[in-house]
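Trainee: I have a structure to go through with you. Can we take it step by step, from the whole chain down to single residues?

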Amino acid sequence: MAVRLRYLGHNLVVPEGEFVIGRSSKCQLSVDDPLISRRHAVLIVTGDTAVLQDLGSRNGVSVNSKRVEGFHQLADGDTITVGSQNMVIQGLAEGTPAHGGRVARRDLETQTISGFELSDDTAAEATVIHGTPFVPGSPDKRVHELSLIGAVAEKALAMGRPEDAQRLLERPLRELLVRARGTTESSSRFDPTAEEAAAQRAALLATRLAGALGKGEWIEYVLDLFLARRELLPQPAVDELYTVLRKVRIDARRLKTYLDTLRPDVAGQGPNERFLFSRIEGLEPLVGLK
């Protein structure tokens, strides 16, 4: 029986020799995933045996949720994680592998991203297809990437790895802003309630990125996002901004534009909204507006 790689519901035949996995179109398995290097890993197949080798990738390779280095002998049913993608090797000879025994097949029970493991519930929320999560059985309603990787990015921040968090978050955050500005046809594919929740999460994540990296552009991103949505910043993000803006500089005009645009809207709203707006106005001295 031929060696196969079970990936995204397909059985890919892995011929004898080298089978390279990476982002490059020249790889035998080309995967569009920002966490995957151009030439990330290689499967070396000889008969009904296979060895996995990391090709010096930035994020490494895992087998059955454990990071492996160098050459690693694979067993039938092993789950290989490359970037945020899981794939299962099948068709290998039965027997005791070099790493000490078979591990039960897990398929999509867990997803590992840059060394961080997501919970079973989170991983089951969506299947990631070429970097874009889809709701199973509902091709026109996409699951926000933030719902999948937000917790992972927060863990990276907590571990003092803000660059990893930024790399994970940058694309979904930017795409959220583009949709808020109404410049893509894909905006209609997202449920408004889910989009609102994603924006609330994005505000806090981007603010924390700004504080960890010392980059004011992420605070400006939050202002631009909620200006495009014509909404007040969420209270948790505002509280965080009182700390972050003491050490991170931004273009003061972004806050002024946001306040001037929202002020007429808030005038007719309730006391809670007016109080929150006053809290946002209180950020002005921190950015040099007063």
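Trainee: What does the accessible surface of the protein chain come to, and what share of that surface belongs to carbon and sulfur atoms?
Mentor: Keep in mind that this is a predicted model. The accessible surface of the protein chain comes to about 13,900 Å². The share that belongs to carbon and sulfur atoms is 49%.

Trainee: What percentage of the residues count as buried?
Mentor: The cut-off for buried is under 20% relative accessible area. The protein chain has 290 residues. Of these, the buried share is 48%.

Trainee: How many helices and strands does the protein chain have?
Mentor: Both kinds of element are present. The count is nine helices and 16 strands.

Trainee: Among contacts between residues at least 6 apart in sequence, what percentage join residues at least 24 apart?
Mentor: Contact here means heavy atoms within 4.5 Å. Take the contacts in the protein chain between residues at least 6 apart in sequence. Those joining residues at least 24 apart make up 56%.

Trainee: Are helix 4 and helix 5 roughly parallel or roughly antiparallel?
Mentor: Helix 4 spans residues 192-213 and helix 5 spans residues 217-229. Their axes lie 7 Å apart, at an angle of about 160°. Angles over 145 degrees count as roughly antiparallel. The two helices are therefore roughly antiparallel.

Trainee: Is the crossing of helix 4 and helix 5 left-handed or right-handed, and how many nonpolar, polar and charged residues does their contact have?
Mentor: The crossing is left-handed. Helix 4 brings residues including Ala199, Ala203, Ala206 and Ala210, and helix 5 brings Trp218, Val222 and Phe226 among others. Glu195 and Glu196 of helix 4 also take part, as does Arg229 of helix 5. By class, the contact has 13 nonpolar, two polar and three charged residues.

Trainee: Is Val68 buried or exposed, and which residues does Val68 touch?
Mentor: Val68 sits in strand 8, residues 66-68. The relative accessible area of Val68 is 10%, so Val68 is buried. Leaving out residues up to four places away in sequence, Val68 touches Leu52, Val61, Ser62 and Val63.

Trainee: Why does Leu74 count as buried?
Mentor: Leu74 lies in the loop between strand 9 (71-73) and strand 10 (79-82). Buried means under 20% relative accessible area. Leu74 counts as buried because its relative accessible area is 4%.

Trainee: How far apart in space are Leu74 and Val45, C-alpha to C-alpha?
Mentor: In sequence, Leu74 and Val45 are 29 residues apart. In space, their C-alpha to C-alpha distance is 10.0 Å.

Technical notes: Residues are numbered from 1 along each chain as its sequence is written. This is a predicted model: local features need pLDDT of at least 70, side-chain atom pairs count only at pLDDT 80 or more; totals for chains, interfaces and linings use all residues. Side-chain values use heavy atoms; hydrogens and water are left out. Helices (H or I, at least four residues) and strands (E, at least two) are DSSP runs, numbered from the N terminus. Buried means under 20% relative accessible area, exposed over 50%, partly exposed in between (1.4 Å probe, protein chains only). Accessible areas come from the Shrake-Rupley method with a 1.4 Å probe; for residues, only the protein chains shown count as cover. Axes are lines fitted to C-alpha atoms, for helices over the stretch in contact, and angles run from 0 to 180 degrees between N-to-C directions. Angles under 35 degrees count as roughly parallel, over 145 as roughly antiparallel, 65 to 115 as roughly perpendicular and the rest as oblique. A crossing is left-handed if the near helix is turned anticlockwise from the far one by less than a right angle, and right-handed if clockwise. Ala, Val, Leu, Ile, Met, Phe, Trp, Tyr, Cys and Pro count as nonpolar, Asp, Glu, Lys and Arg as charged, and the others, Gly among them, as polar.
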